[in-house]
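Visitor: I am new to this one. Could you walk me through its pockets?
Guide: Gladly, let us look together.

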Amino acid sequence: MKKIITERQVAEAAKRSNKLYIDRQTIITPLARDRARELGVQFLASPEKVDRTAAQRLIEETLPEKIVIGADHGGYYLKEALKDFLKEKKYQVYDVGTQSPEACDYPDYALKVAEAVASGKADRGIMIDSVGIGSAMAANRVPGVLAAKCNNVVEAKSAREHNYANVLTLGAKIIGENMAREIVAAFLTTSGGAERHKKRVQKILNYKP
């Protein structure tokens, strides 16, 4: 049976998370689409679909072109510096915020980065807060995302070669700008490794509670 999204459902979603999950069979009424535009409600692929397609893209392994980057107030200045670095390297950069050093909540931006990767809007993601741990925890809640917090190039290469990570988190209080550039470069240019690593990563992606 096909799912129908009405104007009322859009209004209810606006009170909660501003998101409605749909699949290819979902019917969205014209009034619902108009109301969604007014209220800023997004139509997103269902979590099951996101999980499957993101996992498939991750394992198939292609060189990244589109990079989504985000930060909270603690990582704002490093985010701005890394944006310039990525553009110099000819990557397409999608910035999801924050856009100032005013205090904000890191999960909001970590989840935006993770969702962009999971949906295919970006090939890889980079999220920066003060230490990097919280953002990794948040990003890893999104199906199809494997986020790794890295403090050096060795960890960044391992996160890619051994673990096929598709989101990198950094701590602006832990590393400086020069090290951050080296870590990002390693993360974006290191391919996934041997078949045994892919098999192990697939077990993570296949897990269902």
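This is a predicted model: local features need pLDDT of at least 70, side-chain atom pairs count only at pLDDT 80 or more; totals for chains, interfaces and linings use all residues.

Visitor: Which residues are the closest to the centre of the largest pocket?
Guide: The largest pocket holds about 470 Å³ of space. Its lining is made of 20 residues. Of these, the closest to the centre are Lys19, Gln42, Leu44, Glu115 and Ala116.

Visitor: Which element gives the most to the lining of the largest pocket?
Guide: The elements that give two or more residues are strand S2 (19-22), strand S4 (42-45), helix H3 (47-60) and helix H5 (106-119). With 7 residues, the one that gives the most is H5.

Visitor: How many Å apart are the end C-alpha atoms of H5?
Guide: H5 has 14 residues, and at 1.5 Å a residue they should span 20 Å. The expected span counts one less than the number of residues. The model agrees with that, because the end C-alpha atoms are apart by 20 Å.

Visitor: Which residue follows H5?
Guide: Within H5, the buried residues include Tyr109, Val113 and Ala116. After the helix comes a residue whose phi is positive, near 95 degrees, and that residue is Gly120.

Visitor: How many nonpolar residues are in the lining of the second largest pocket?
Guide: This pocket has a volume of about 310 Å³. Among its 13 lining residues, Asn140, Val142, Pro143, Gly144 and Tyr207 are the closest to its centre. By class, the lining has 2 polar residues and 3 charged ones, and the number of nonpolar residues is 8.

Key:
Residues are numbered from 1 along each chain as its sequence is written. Side-chain values use heavy atoms; hydrogens and water are left out. On a 1 Å grid over the protein atoms alone, a cavity is a set of points where a 1.4 Å probe fits but cannot get out, and a pocket is an open set with protein on both sides within 12 Å along at least five of seven lines; lining residues have an atom within 4 Å of a point. Grid points are joined across faces, edges and corners, and a volume is the space filled by probe spheres set on the points. Helices (H or I, at least four residues) and strands (E, at least two) are DSSP runs, numbered from the N terminus. Ala, Val, Leu, Ile, Met, Phe, Trp, Tyr, Cys and Pro count as nonpolar, Asp, Glu, Lys and Arg as charged, and the others, Gly among them, as polar. Buried means under 20% relative accessible area, exposed over 50%, partly exposed in between (1.4 Å probe, protein chains only).
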